[in-house]
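Try each task before reading its solution.

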Amino acid sequence: MTGYYDDLETRSADQRAADLARELPVQIARAKTLAGYAATLGDVDAETITDAAALAALPVLRKSELGRAQAENPPFGGFTAKPACGYAHIFQSPGPIYEPGGIGHDWWRFGRVLHAVGIGPGDIVQNCFGYHLTPAGMLFESGARAVGAAVLPAGTGQTELQVTAARDVGTNAYAGTPDYLKVILDKADSMGVRLHFTKATVGGGALFPSLRAEYADRGIVCLQSYGTADLGNIAYESAAMEGMIADEHVIVEIVTPGTGTPVAPGEVGEVVVTTLNPDYPLIRFATGDLSAMMAGQSPCGRTNMRIKGWMGRADQTTKIKGMFIRPEQVATLVAKHDEIVKARVIATRQGEMDTMTVQIEARGGDGAAYAKTIADVLKLKGAVEVVAPGSLPKDGLVIEDQRSYD
């Protein structure tokens with residue numbers, strides 16, 4: 001399959017901005033009617049939220065908040081546009097967190113992902129994502145349906161049967177975690193069975209370069225995507241394999257962990273996503289994942305913004321001296337003093353005792369005052385190091401645990 005999934009992928013920057021200025025206020029207005037957003041978006045003028053800069057002024061929605069809301073108002077916490085019976089599927093992820101699912105055309109927007117690796121009519125996809133309770137299997141199945149491919153709903157496990165089915169059915173495309181395809185291929189080798197996989201779309205884990213190279217040596221093109229049960233597709237690789245291109249129906253921001261404040265372009269931060277899905281309008285939903293924006297456009301010709309892919313977890317909550325320190329507390333510490341640019345909590349050990357050092361980027365200031373604020377906000381005392389603005393690493397960490405647990 002050649003070309004692009006649709007014309008949205010090659011829009012000019014001006015056209016994409018104009019489309020967003022039209023669509024985003026509608027989505028904000030839709031969210032304002034939902035009980036889950038009454039406290040946070042009730043006073044927002046939806047007509048003024050026309051771009052990512054305006055969006056950045058709105059509160060971040062965290063999964064922990066969503067979980068609490070769902071416990072009080074099951075199953076979706078007042079964040080969906082329809083009642084539970086109005087959706088085709090209801091999924092349960094660990095937490096538990098419940099997510100709705102639809103069967104309308106490409107509801108999860110994974111057709112774009114499969115198209116990018118060349119899957120389409122005439123292909124049979126061995127879908128090795130799970131189908132029970134969690135939605136991963138349906139995400140990729142709906143994508144296969146959108147591009148006209150057939151699906152063998154294999155799920156996980158029973159590798160010998162997977163090999164037999166792949167041989168008998170003639171599957172030539174794989175969807176699943178990056179490493180399970182190798183398990184299937186190795187089992188096929190041990191059984192003396194020749195399989196015919198030439199395309200693979202993977203997610204749910206890291207695709208290491210060595211593994212991608214091994215698949216390439218076997219004649220398999222393997223591209224990865226980044227999505228969640230709540231949001232559907234967020235970003236995906238193209239054949240250029242230079243970063244991951246944002247989906248055309250989400251707005252991706254990279255913010256300082258624990259805050260809703262966007263980082264400077266290229267810096268590592270937490271991925272926050274707003275969807276344009278009218279059935280489930282998540283506004284500034286914090287994924288808990290770290291990434292960074294990439295400059296420029298993909299060599300493949302797709303024009304949307306790119307991120308570097310998964311770069312770790314943003315939830316850096318760490319226990320020091322028996323007390324939990326959270327990124328949100330570090331953000332509060334920074335906000336207490338106008339001259340503080342950013343801060344970093346470092347946990348170490350001396351002898352058999354935990355120690356805490358707080359490095360503060362500031363334009364001057366009083367170290368004693370900072371120490372008092374640290375004690376008030378973090379509920380712990382620690383050493384204070386004041387450093388010049390720009391001194392701290394731009395790696396997305398606000399809490400760094402240097403203790404060895406060996």
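**Exercise 1. Sort the residues that line the largest cavity by class.**

Step 1: Take the lining of the largest cavity: Trp107, Trp108, Arg109, Asp230, Leu231, Thr275, Asn277 and Tyr280. On a 1 Å grid over the protein atoms alone, a cavity is a set of points where a 1.4 Å probe fits but cannot get out, and lining residues have an atom within 4 Å of a point.

Step 2: Apply the classes. Ala, Val, Leu, Ile, Met, Phe, Trp, Tyr, Cys and Pro are nonpolar, Asp, Glu, Lys and Arg are charged, and the others, Gly among them, are polar.

Step 3: Count. The lining of the largest cavity has four nonpolar, two polar and two charged residues.

Step 4: The largest cavity holds about 40 Å³; a volume is the space filled by probe spheres set on grid points, which are joined across faces, edges and corners.

The model is predicted: local features need pLDDT of at least 70, side-chain atom pairs count only at pLDDT 80 or more, and totals for chains, interfaces and linings use all residues. Residues are numbered from 1 along each chain as its sequence is written, and side-chain values use heavy atoms, without hydrogens and water.

**Exercise 2. Describe the largest pocket.**

Step 1: Start with volume. The largest pocket has about 1300 Å³ of space. A pocket is an open set of points with protein on both sides within 12 Å along at least five of seven lines.

Step 2: Locate the centre. Of 49 lining residues, Gly227, Thr228, Thr287, Asp289 and Arg313 lie nearest to it.

Step 3: Name the elements. Those supplying at least two residues each include strand E7 (221-228) and strand E12 (285-294).

Step 4: Sort the lining of the largest pocket. It divides into 19 nonpolar, 17 polar and 13 charged residues.

Key
Helix = DSSP H or I, 4+ residues; strand = E, 2+ residues; numbered from the N terminus.
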